Amino acid sequence: MAASFASTRCFLPLYQSRHLQNNTTSSCSTVPLHLNRNSNSNSKLLSLSSSHAGRNGFNAVVENERKKDRLSSFSQTAAVRNLMGSVTNTQALRFAVVVARFNEIITKRLLEGALTTFHHYSVLEDNIDVVWVPGSFEIGVAAERLGKSQKYHAVLCIGAVIRGDTSHYDVVVNSAASGVLSAGLNSGVPCIFGVLTCDNMDQALNRAGGKSGNKGSETALTAIEMASLFEHHLK
Ligand SMILES: Nc1c(NC[C@H](O)[C@H](O)[C@H](O)CO)[nH]c(=O)[nH]c1=O
Ligand SMILES: CC(=O)[C@@H](O)COP(=O)(O)O
């Protein structure tokens, strides 16, 4: 297991590697990170390298990560199994997407982002079902039913809660979050939280394909990784 891991070429989605960069980006492209066995003959350390030499601050931070790798011999020895979902072997994976109609102008864009990401990562259209519910409050119960159906490897939950004048916002946000969490725990199928929780419409538009990216795309990638982790490693 560890030997094959050493030669794995691993594509981390850019948004997930934001913490490695000084600048932020709205793109959802990937940064190829190569996991290499250390050239030191007896060493079992793995290190990261990137072909994106020009990225601002990226190399310095990768070098810093390498240092941490060298120090952290516990998690990097060949004896330790590292299990992680892949985003490349997706053709057998099936997904349900639960979408809230409330604030539909936002949730439709999030759904579009999610479907585009599924397409980019070769998830088959026939393997995706989209289920509409009235509002984010209703997402959890639908997600749990879908998870328990055993038809899907992951359930992606999409909604947009935007603060109004009363405390209703907090109730809907907390219910949506705990509903999605419970759906995952109760069904044993990863239920992914793609619900925007925003103070105003501008914040929501920015995260639905605007200058802050598309949360639907990002969470679709999370769904793929978790589906793959469960299907290929945690069965
Ligand atoms: N205000 C928002 C809602 N409210 C509706 C609830 O989600 C629910 O449908 C209703 O209370 C009936 O149970 N939903 C959102 O998704 N976003 C909001 O901003
Ligand atoms: C997030 C909400 O629940 C919102 O639409 C409700 O608005 P209000 O608090 O003004 O009733």
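The shell around ligand 2 consists of three nonpolar, three polar and one charged residue (Ala, Val, Leu, Ile, Met, Phe, Trp, Tyr, Cys and Pro count as nonpolar, Asp, Glu, Lys and Arg as charged, the others, Gly among them, as polar). The model is predicted: local features need pLDDT of at least 70 and side-chain atom pairs pLDDT 80 or more, while totals for chains, interfaces and linings use all residues. Residues are numbered from 1 along each chain as its sequence is written, chains are lettered from A and ligands numbered from 1 in the order written, and side-chain values use heavy atoms, without hydrogens and water.

Val161, Ile162, Gly164, Asp165, Thr166, His168 and Tyr169 surround ligand 2 (a heavy atom within 4 Å). The protein buries 72% of the 330 Å² that ligand 2 exposes when taken alone (Shrake-Rupley method, 1.4 Å probe).

Around ligand 1 the residues are Phe102, Asn103, Gly135, Ser136, Phe137, Glu138, Ala160, Val161, Ile162, His168 and Val172. They divide into six nonpolar, four polar and one charged.

Polar contacts (pairs of N or O atoms within 3.5 Å) are listed below.

| Ligand atom | Protein atom | Distance |
|---|---|---|
| Ligand 2, oxygen | Asp165, backbone N or O | 2.7 Å |
| Ligand 2, oxygen | Thr166, side-chain N or O | 2.5 Å |
| Ligand 1, oxygen | Phe137, polar backbone atom | 3.1 Å |
| Ligand 1, nitrogen | Ala160, polar backbone atom | 2.8 Å |
| Ligand 1, oxygen | Ile162, polar backbone atom | 3.1 Å |

Taken alone, ligand 1 exposes 440 Å², of which the protein buries 77%.

Notes:
Polar contact = N/O pair within 3.5 Å; in protein donor to acceptor, adjacent residues only side chain to side chain.
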